[in-house]
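Please look over the sequence and the structure shown here before reading the report that follows. The report takes up a few selected features in turn.

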Amino acid sequence: EILSTANNFVTLRSFMKNVPPELFDLSPAQHMNPFRNNPKLFKIFEFKQVGKLFVCRPEVPLPEGHLKMSYNEAEIIQLTAAVIQTMGNRPQSIFSLFGRLPWFAREQVRTVHKGLFELLKK
């Protein structure tokens, strides 16, 4: 489900596809940095599905169904345990586990805890 631009929301993927190549070439290698570093210009959120990122102007209220945007340590550990349970007996790496967490939980792990392994090692 894609929210229409009439609602002032657009998927991040769609937004990035419509950036002119000249401007895209000037952007940093980490394409999320302009969004992370400019909260006065952009608001990023996940909508109904882990990994489905949307972008909007910061003054626009988020739609019902958006996922949480901040997590504490206990919540991240709980989410990690839930993801492990869904993986079953298939051998997985810490990277595939990390990739199944919500984007804002991954950001918290990356910036505060310096990685999922470091957080779980505590």
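Predicted model: local features only at pLDDT ≥ 70, side-chain atom pairs only at ≥ 80, totals over all residues.

Ile94 is found in helix α5, which spans residues 94-99.

Ile94 also belongs to a nonpolar patch on the surface, which it forms with Ile77, Phe95, Phe117 and Leu120. Together these residues have about 500 Å² of accessible area. Two elements, α5 and α7, each give two or more residues to the nonpolar patch.

## The strand β3 and its partners

Strand β3, which covers residues 53-56, pairs with β1 (residues 9-11) in the antiparallel sense, and three bridges link these two strands. Within this pairing, Phe9 has Cys56 of β3 as its bridge partner. Strand β3 is also joined to β2 by four bridges, and β2 and β3 again run antiparallel. Here Phe45 stands opposite Phe54 in β3.

In a regular strand, side chains alternate between the two faces of the sheet. In β3, Leu53 and Val55 are on one side, while Phe54 and Cys56 are on the other. These four residues are all buried, and both faces of β3 are covered.

Lys48 lies in the loop between β2 (43-46) and β3 (53-56). The hairpin of β2 and β3 has six residues between the strands, and in it Lys48 takes a positive phi of about 65°, although Lys48 is not a glycine. Is Lys48 buried or exposed? With a relative accessibility of 53%, Lys48 counts as exposed, because the limit for that class is over 50%.

A positive phi is also found at Lys114, a residue other than glycine, where the value is near 60°. Lys114 lies in the loop between α6 (103-112) and α7 (116-121), and α7 is one of the elements that give two or more residues to the nonpolar patch. At 63% relative accessibility, Lys114 counts as exposed.

Note on methods. Residues numbered from 1 in each chain as written. Heavy atoms only, no water. Buried < 20%, exposed > 50% of the residue type's maximum accessible area, 1.4 Å probe, protein only. Pairing = 2+ DSSP bridges. Patch = residues over 30% accessible without salt bridge, like charges linked within 9 Å, V, L, I, M, F, W, Y side chains within 5 Å. Areas by Shrake-Rupley, 256 points an atom, 1.4 Å probe, with all protein chains shown as cover. Salt bridge = Lys/Arg side-chain N within 4 Å of Asp/Glu carboxyl O.
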